[in-house]
Every structure is written in structure tokens, then in C-alpha cells.
Amino acid sequence: MEKPSASVIGAGLAGCEAAHTLSRMGIRVRLYEMKPQKHTPAHKSNDLCELVCSNSLRSDKLDNAVGLLKEELRRLGSLVMECADATRVPAGGALAVDREGFSKMVTERIKSDPNIELISKEITSVPDTPVIIATGPLTDGELMKSIEALLGDSLHFFDAAAPIVTLDSLDMNKVKRASRYDRGSDYLNCPMTMLEYYSFVRALTSAETAPLHGFEDKSVFEGCMPVEVMARRGDQTLAFGPMKPVGLTDLTASDGKKPYAVVQLRQDNAEGTLYNIVGFQTNLKFPEQRRVFGMIPGLESAEFMRYGVMHRNSYLKSPKHLTSEYELRERSGVFFAGQITGVEGYIESAASGFYAGLCLARKLKGLPSIDFSRKTAIGALAHYVSEYNGGSFQPMNINFGIMQSLENAPRDKLKRYSLISERALNEIDELTFEDRIWK
Ligand SMILES: Cc1cc2nc3c(=O)[nH]c(=O)nc-3n(C[C@H](O)[C@H](O)[C@H](O)COP(=O)(O)OP(=O)(O)OC[C@H]3O[C@@H](n4cnc5c(N)ncnc54)[C@H](O)[C@@H]3O)c2cc1C
């Protein structure tokens with residue numbers, strides 16, 4: 001009998017992982033990659049699975065959610081993790097890789113896989129046959145128009161994000177709950193004295209920013225201006241903008257006086273464990289974000305679950321369009337994976353590629369679907385992108401805040417995270433026991 005077949009478009013982190021998973025399930029795969037004929041403005045190499053920026057895949061520890069996601073992927077037989085582990089370079093508690101060695105190894109594995117045919121071609125429309133679209137955050141041109149026409153929606157162009165911090169890392173002796181004009185107590189407020197405000201503005205305006213990658217049209221950032229750019233327009237700009245102290249009558253700053261400026265944090269997840277810093281979209285380097293935003297009263301030891309980032313980022317309104325298996329609600333057999341679904345980061349993209357590949361393969365073989373629950377990091381990402389029901393949907397790194405919380409969680413954060421990881425890995429071990437997910 002002919003093997004079932006499927007296409008994967010884009011051979012980045014998500015596409016390579018998806019193709020490998022489909023192949024492992026016995027599906028014949030046509031993997032389309034537009035390199036070397038055409039490169040996005042961020043891609044430079046001709047190899048597959050290119051890391052466009054940092055060579056770090058972030059923490060490799062189980063008390064960190066991305067460390068957990070890596071371990072889940074290892075146990076699931078991920079190609080990206082196998083090649084990352086084989087090409088790792090010293091980086092403390094993080095997993096960093098020899099960038100070229102990593103991409104070369106993935107490329108060789110894909111090219112030597114008898115089930116995968118690598119085709120060098122730009123795809124310009126959504127195919128009618130079973131497919132996983134994994135063309136990344138810089139998806140553009142005719143393919144983007146075709147996706148937009150299919151969804152009746154425009155892909156977001158998301159230029160800047162504000163950092164997200166955990167509630168339990170904030171100093172609640174300094175942070176006060178209140179909403180402006182007595183409209184409840186939804187916001188967390190960090191009041192500042194005049195001295196604190198000016199020191200903060202000085203640090204912000206002189207802090208180091210991350211390089212923009214040459215393709216961003218700086219003029220498009222006007223509507224979503226980074227906080228450091230706003231601050232450079234004048235000492236008072238922030239005090240009259242996102243840090244205005246108005247409507248917060250009961251607040252006092254550390255000198256006991258009315259605050260000169262106030263930083264507000266808004267709840268970011270249903271469980272109320274994550275907060276974003278309102279109006280603080282930024283392009284500062286990550287250590288600079290820790291240093292400068294750590295000057296905000298109450299944020300001295302803030303734990304950043306997502307740093308502010310700036311780059312072009314096309315992604316679907318996934319909660320409207322995708323199921324928790326990354327399949328389009330509008331058209332059966334069309335799956336998306338990677339950053340285009342609203343997961344953020346190398347490992348998150350690989351994880352969604354694995355899951356989409358597994359789900360499409362099981363569908364093609366008439367096997368029942370496998371549900372990774374929110375107890376696992378891989379499942380939490382899939383449920384986040386397909387079920388998020390807050391305000392505007394924005395890309396998200398894996399973090400413990402989007403995973404199912406523990407009953408009777410210990411107060412100690414490290415203990416809590418270790419228990420969440422243990423529970424997740426038990427679920428993965430059950431799913432992989434006697435190769436259950438592959439049959
Ligand atoms: C400037 C920049 C910096 C970043 N820095 C980091 C970082 O430091 N750390 C991090 O974790 N994440 C970073 N990211 C996010 C990063 O893009 C993702 O983590 C990851 O690369 C996404 O994987 P992906 O497989 O979804 O897409 P990609 O890795 O972008 O892969 C998409 C692939 O599809 C191909 N393709 C696109 N369109 C077509 C088409 N029509 N036909 C055929 N092939 C096509 C592309 O050539 C590419 O090979 C950055 C993103 C950008 C844009």
C-alpha cells in the first residue's frame with residue numbers, strides 16, 4: 001500500500017521537527033524551503049534550521065519552563081533536541097549550540113531521511129493537500145496573501161512587546177493595587193519619587209539597545225513606540241505618558257508624598273500569576289531590561305517571564321483559527337507550526353512543529369488524536385495559542401504561568417516549579433510508554 005503523504009512548508013525549527021515527526025510515523029514528506037534562492041532579511045545561511053539570532057536555546061534546567069520543554073522534547077525523540085545536544089557549547093545552565101554545526105547536522109539528517117524529499121522552492125499559496133505551514137515570523141509575499149484570503153483576516157504585524165514579570169517576584173511592600181479613578185484594583189502600581197523618576201529616565205535613555213536586523217522599517221514603530229525612544233523625546237514625556245500619576249489619589253511614594261510618576265502593571269494570564277509592564281514595549285538588550293526596569297520600586301528582583309522584544313512578527317489570530325492540535329478550524333488537513341502560530345522562541349517553535357507533525361500523521365493514518373494537556377509544557381503552548389481568551393493575543397514563550405497550576409502548591413517557587421516539571425515528565429512518560437504515541 002502507498003504510504004500517506006504530506007507537505008511541510010518552511011525548513012526552520014518548526015518545519016524540520018514536523019517533517020522528522022511525520023517521517024517517523026511513516027508518512028512521506030515533501031519539505032519545501034525557499035533557501036537558497038530566496039532568504040528572508042534575517043536568514044543568512046543556506047542550511048536548514050537556522051538560528052537567526054542568538055545561539056542560545058535558553059535554560060536547560062528543570063526549574064525553568066523552557067528547560068522542562070527541552071526535556072519533554074528529548075523524551076519525545078525530537079530531532080532539534082538531538083542535534084542541539086550533540087553540538088552544545090559551554091554556556092552555564094543554558095543550552096547553547098555551535099550555530100553552524102547545529103544547522104549542518106539537522107540538514108544532514110533531513111537530507112538522508114528516506115521518507116523526506118527536500119524541495120528548494122518558494123511556495124506562494126496554501127495547498128489543497130495535507131500540509132503544515134511553518135514559514136516563520138517573517139512570512140511574506142504571495143503566501144501571506146493566500147493565508148489572509150483563506151482566513152479572511154490579516155496577519156498581525158507585531159512590532160514591540162512589553163516585558164512580563166511574575167507576581168511573586170514583586171516586592172508587594174512597595175507595589176500597590178489600584179485602578180485609575182477608583183475603578184477597582186485591577187492594576188499593580190509602582191509609585192516613584194521625583195528623584196527615582198529622573199534617575200530611571202537617565203538610565204533608560206543611556207541603556208544599550210538590541211541591534212535591529214536591517215529589515216525593519218523604523219517608521220512603522222511610531223504607533224508602538226519603545227519606552228526608551230519615548231523617554232529620549234524629553235525628560236517629562238513618560239511622566240505625562242505611560243507613567244502619568246493621575247487618578248491614583250491614595251498612592252504615596254517612598255518619601256510619603258504624592259508620587260511624581262507611576263509605573264502600572266496589568267494582569268497577563270487568567271491565573272493572575274503574570275503581569276506586563278504597561279506601555280513598556282522596548283528594544284533594550286535583555287540584561288539592560290533587568291538592570292533598568294529593576295530600578296522601578298517593587299521590581300528590584302523581578303523575574304522576567306518574557307522580555308520586551310522588537311521585530312517584525314507575522315502571526316495568526318490563532319485562538320480564532322487553530323485547534324489545540326494546530327489544525328485550521330476553517331480547512332481540515334491544513335496545520336500551522338512555529339512562530340507563525342504565536343509561540344515565541346526556537347524551542348517553542350520546534351515543540352509546536354513536533355506536535356503538529358504528530359497530529360497530522362495520526363490523522364492521515366486514521367489513528368485517534370493524542371492530547372498533551374496543560375500539565376505538560378508542550379501541551380500548555382498548544383492550549384495557549386488555541387484557547388487564549390484575554391485581550392489582544394500576543395506571542396508567548398513557554399512559562400510556568402500558562403501551565404496548569406498545582407493543587408496545594410508549595411510557597412517556595414523552586415519547589416513549586418520542580419513539582420510542575422515532575423508532573424509534566426510523568427505525563428510524557430505515560431504517553432511515550434511502549435511507544436504509545438507512535439502507534
Ligand atoms: C530578527 C529575529 C531575531 C530573533 N531572535 C531570536 C532569538 O534570539 N531567540 C529565539 O528563541 N528566537 C528568536 N527569534 C524568533 C525566531 O524567529 C523563532 O524562535 C524561530 O526561528 C521560529 O522558528 P520557525 O520554524 O517558526 O521559523 P523560521 O526559523 O523563521 O523558519 C521559517 C523557514 O521557512 C522558510 N520560508 C519562509 N517562507 C517560505 C515560503 N513561502 N516557501 C518556502 N519556504 C519559506 C524560511 O526560509 C525559513 O527557513 C527571532 C526572530 C527574528 C525575526
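This note goes through the predicted model point by point, from the overall fold to single residues.

1. **Overall build.** The protein chain holds 12 helices and 16 strands. Its radius of gyration is 22 Å, close to the 22 Å that the globule rule gives for 439 residues, so the chain is as compact as a globular protein of that length. The C-alpha trace spans about 80 × 50 × 45 Å along its principal axes.

2. **Burial and contacts.** Of the 439 residues in the protein chain, 47% are buried. Take the contacts with a separation of 6 or more: 71% of them are between residues 24 or more positions apart.

3. **Two domains.** The chain is divided into domain 1 (5-158 + 312-438) and domain 2 (164-306).

4. **Where the domains meet.** On the domain 1 side, 10 residues are in contact with 12 residues of domain 2. The domain 1 side that touches domain 2 divides into four nonpolar, four polar and two charged residues.

5. **The ligand shell.** How many residues surround the ligand? There are 34, and the closest are Gly10, Gly12, Cys53, Gly136 and Gly338. Helix 1 provides the largest share, three residues. By class, the shell has 16 nonpolar, 15 polar and three charged residues.

6. **Strand 1 and strand 2.** Strand 1 (residues 5-9) is mostly covered, with four of its five residues buried. Five bridges join strand 1 to strand 2, and the two run parallel. Within this pairing, Ser7 has Arg30 in strand 2 as its bridge partner.

7. **Thr21 in helix 1.** Thr21 is found in helix 1. Is Thr21 buried or exposed? Thr21 counts as buried because it has 29 C-beta neighbours inside 10 Å, where 20 or more is the cut-off. Leaving aside residues up to four places away in sequence, Thr21 touches Phe354, Gly357, Leu358 and Ala361. For a view across the chain, compare Thr21 with Met305: they are 284 residues apart in sequence and 29 Å apart in space, C-alpha to C-alpha.

8. **The loop between strand 2 and strand 3.** Two backbone features in this loop deserve a check. The peptide bond that joins Lys35 and Pro36 is cis, with omega about 0 degrees. Pro36 lies in the loop between strand 2 and strand 3 (56-59). Cys49 has its place in the loop between strand 2 and strand 3 as well. Phi of Cys49 is near 55 degrees, a positive value in a residue other than glycine. Cys49 is buried, because 28 other C-beta atoms lie within 10 Å.

9. Six strands form an open sheet in the order 10-11-12-13-9-14, with antiparallel pairing. Its edge strands are strand 10 (176-177) and strand 14 (304-306), each of which pairs on one side only. Strand 10 is joined to strand 11 (residues 188-192) by two bridges, and these strands run antiparallel. Arg177 stands opposite Leu188 in strand 11.

10. **The segment after helix 12.** Asp435 has its place in the segment after helix 12. Asp435 is not a glycine, yet its phi is positive, about 55 degrees. Asp435 is exposed, because 9 other C-beta atoms lie within 10 Å, and 12 or fewer is the cut-off. Arg436 is found in the segment after helix 12 (413-432) too. Arg436 counts as exposed because it has 10 C-beta neighbours inside 10 Å. Arg436 and Ile370 are 66 residues apart in sequence, and 9.6 Å apart in space, C-alpha to C-alpha.

11. Cys49 has a phi near 55 degrees, and Asp435 has a phi of about 55 degrees. Cys49 is buried, whereas Asp435 is exposed.

Methods: Residues numbered from 1 in each chain as written. Predicted model: local features only at pLDDT ≥ 70, side-chain atom pairs only at ≥ 80, totals over all residues. Rg over C-alpha atoms; globule rule 2.2 N^0.38 Å. Contact = placed C-beta atoms within 7 Å. Near = placed C-beta within 6 Å. Nonpolar A, V, L, I, M, F, W, Y, C, P; charged D, E, K, R; others polar. Domains from an automatic or database assignment. Pairing = 2+ DSSP bridges.
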